[in-house]
Amino acid sequence: MRRVVLAGRGELAEWRDAARAFAVAGILPEEIDWREKSEEADLAFQRDAMPPAPIMARKPMTVPPAFIDLAETVLCHSDAARFSLLYRLLWRLQLDRQLLEVASDEDVARARLMAKNVRRDAHKMTAFVRFKEVGAVSVGRRKFLAWFEPDHHIVRRTAPFFQRRFTDMDWLIATPKGSAAWDGERLTMSDEPCEKPNLIDATDELWRTYYASIFNPARLKLKAMQAEMPKKYWKNLPEADLIPGLIASAESQVRAMAAREATQSLPFHDRLQEAARSIPAEPEAPAGTLEALRAEAAACTRCPLHAKATQTVFGEGPRDAEVMFVGEQPGDQEDISGRPFVGPAGRLLDQVITEAGIDRSTLYVTNAVKHFKYEPRGKRRIHQKPNMGEVKHCRWWLNLEMALIKPKLIVAMGATALAALTDTKQRLQDVRGKAIAIDEERTLFVTVHPSYLLRIPDERLRAEELARFREDMLMVQRLMVAAA
């Protein structure tokens, strides 16, 4: 039996050189006793461990690249059995090149578990190292010290992360398994074990304040928290002394949060709904009038859109208007004001129809869908296109509006309006700019929605489309004159 003693600080070259020498000499795994260097053993190889001369006729050993990556990680583990495990895998790979793909193999499974433990330890080091300032090196450059207690030999493996992350300061990370230091130019490693320094830093209180502020008692899951922040690291984390108290008071904090929630202000559109409900009801409008239809639509729940919208945005304009403009749905500003086409798209529409000689006060303006559909994104409400089911539910109100107004010309702005008015899936570009007879008394004219023009990022294309939209409105003006 040959006894081999290695320093065992996670260096691949040390084990590789020894393993290669024994493998070439044909020494079987069971003939070697691998040991980790202790205080009494100073030699990398003891005298009786030196391998015999290589067997010249023996075929050189080769391994797949995956084994090198695995070995590099496993050698950082603190289990002394790692050396013999890897040497055994080295021999077995000569007979089965696909061995590492056999997850159920005992040696492979053990090696992969060791590698996983090393990676986890390295991850925890990057998460739980706390630097404490110990002085200034030069003007504008400070020096920091950190203490960490890893389970495995990961200092060399993890130090480059801190070099990249904290390159603008000098630092030393001390551990019982060695240290790493950065001076702004060179990363220095040492395998000499360090003693824990006794340091108190002003930033300790900042860590406590930060942790207390982000702790959410309503989402406390003790096992998950201890899995991510194991207790063995608590003694070196300034914020850890708060954890027992925060856990103990979590239940009472949740009750207090629930009590506060009942008195907190409602979101903005909910406050508008509350205000609208507090206004005394107006006298009921005569049945069959536009006012009665508007009042009825205000309580519409035909589709789910009413739940999130502030209010129904009904059409507005003269009861006897000869021209009706139909858009897609109200936007953010329309939802708040309760009036159609008062936002950016509405202002653009006003500008273009005025240039075309059309007086908006003579038009009845409405939308195919009467509630604002949106997706919350921070403090903003982002417009979402209504689906065909929502369009069909709202067609009820659009048909009643047309029956009461009896317009001679209906202008559909956008694909949603076109679908609502024709109940067909036509390409807008195929019918844009055309006057289509709906029946003997009504004509449909199709164009784009003004919001489309606002969304075009290319300035040249936007100018072209805006000019085309002006031509469409001039066509509408000529149709209005012809219908008068």
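A residue is called buried under 20% relative accessible area, exposed over 50%, and partly exposed in between, with a 1.4 Å probe and protein chains only. The model is predicted, so local features need pLDDT of at least 70 and side-chain atom pairs count only at pLDDT 80 or more, while totals for chains, interfaces and linings use all residues. Residues are numbered from 1 along each chain as its sequence is written, and side-chain values use heavy atoms, with hydrogens and water left out.

**Exercise 1. Find the partner of Asp 151 in a salt bridge and state which parts of the chain the pair ties together.**

Step 1. The criterion for a salt bridge is a side-chain nitrogen of Lys or Arg within 4 Å of a carboxyl oxygen of Asp or Glu.

Step 2. Asp 151 pairs with Lys 232, and the closest N and O atoms are 2.1 Å apart.

Step 3. Helices (H or I, at least four residues) and strands (E, at least two) are DSSP runs, numbered from the N terminus. Asp 151 lies in the loop between strand S4 (141–147) and H5, and Lys 232 in the loop between helix H7 (222–228) and helix H8 (243–248), so the pair ties together parts that are 81 residues apart in sequence.

Step 4. Asp 151 is partly exposed because its relative accessible area is 32%; Lys 232 is partly exposed because its value is 41%.

**Exercise 2. Describe the salt bridge between Glu 322 and Lys 408.**

Step 1. The N to O distance between these two side chains is 3.7 Å.

Step 2. Glu 322 sits in the loop between helix H11 (290–297) and strand S8 (323–327), and Lys 408 in the loop between helix H14 (388–405) and strand S12 (409–413); the pair thus links distant parts of the chain, 86 residues apart.

Step 3. With 36% relative accessibility, Glu 322 counts as partly exposed. Lys 408 is also partly exposed, with a relative accessible area of 36%.

Step 4. For the whole structure, the search finds 35 salt bridges. Elsewhere, Arg 88, Arg 92, Asp 105 and Asp 107 are linked in a network of such bridges.

**Exercise 3. Characterise the lining of the second largest pocket.**

Step 1. On a 1 Å grid over the protein atoms alone, a pocket is an open set of points with protein on both sides within 12 Å along at least five of seven lines, whereas a cavity is a set of points where a 1.4 Å probe fits but cannot get out; lining residues have an atom within 4 Å of a point. Grid points are joined across faces, edges and corners, and a volume is the space filled by probe spheres set on the points.

Step 2. The volume of the second largest pocket is about 750 Å³. Of its 29 lining residues, Glu 328, His 383, His 449, Ser 451 and Arg 455 are the closest to the centre.

Step 3. Among the elements that give two or more residues to this lining are helix H12 (332–337), helix H13 (344–355) and helix H17 (450–455). H17 gives the most, with four residues.

Step 4. Ala, Val, Leu, Ile, Met, Phe, Trp, Tyr, Cys and Pro count as nonpolar, Asp, Glu, Lys and Arg as charged, and the others, Gly among them, as polar. On this basis the lining of the second largest pocket has 12 nonpolar, 11 polar and six charged residues.

**Exercise 4. How many cavities of 30 Å³ or more does the whole structure hold, and what lines the largest cavity?**

Step 1. The search finds one cavity of 30 Å³ or more. The largest cavity has a volume of about 50 Å³.

Step 2. Its lining includes Arg 9, His 153, Lys 177 and Asp 191. Helix H5 (155–165) and strand S7 (187–190) each supply at least two lining residues.

Step 3. By class, three residues of this lining are nonpolar, three polar and four charged.

**Exercise 5. Locate Phe 341 and Lys 406, and decide whether each is buried or exposed.**

Step 1. Phe 341 lies in the loop between H12 and H13, and its phi is near 55°, a positive value in a residue other than glycine. Phe 341 is buried because its relative accessible area is 4%.

Step 2. Lys 406 is placed in the loop between H14 and S12. Although Lys 406 is not a glycine, its phi is positive, at about 55°. Lys 406 counts as exposed because its relative accessibility is 60%.
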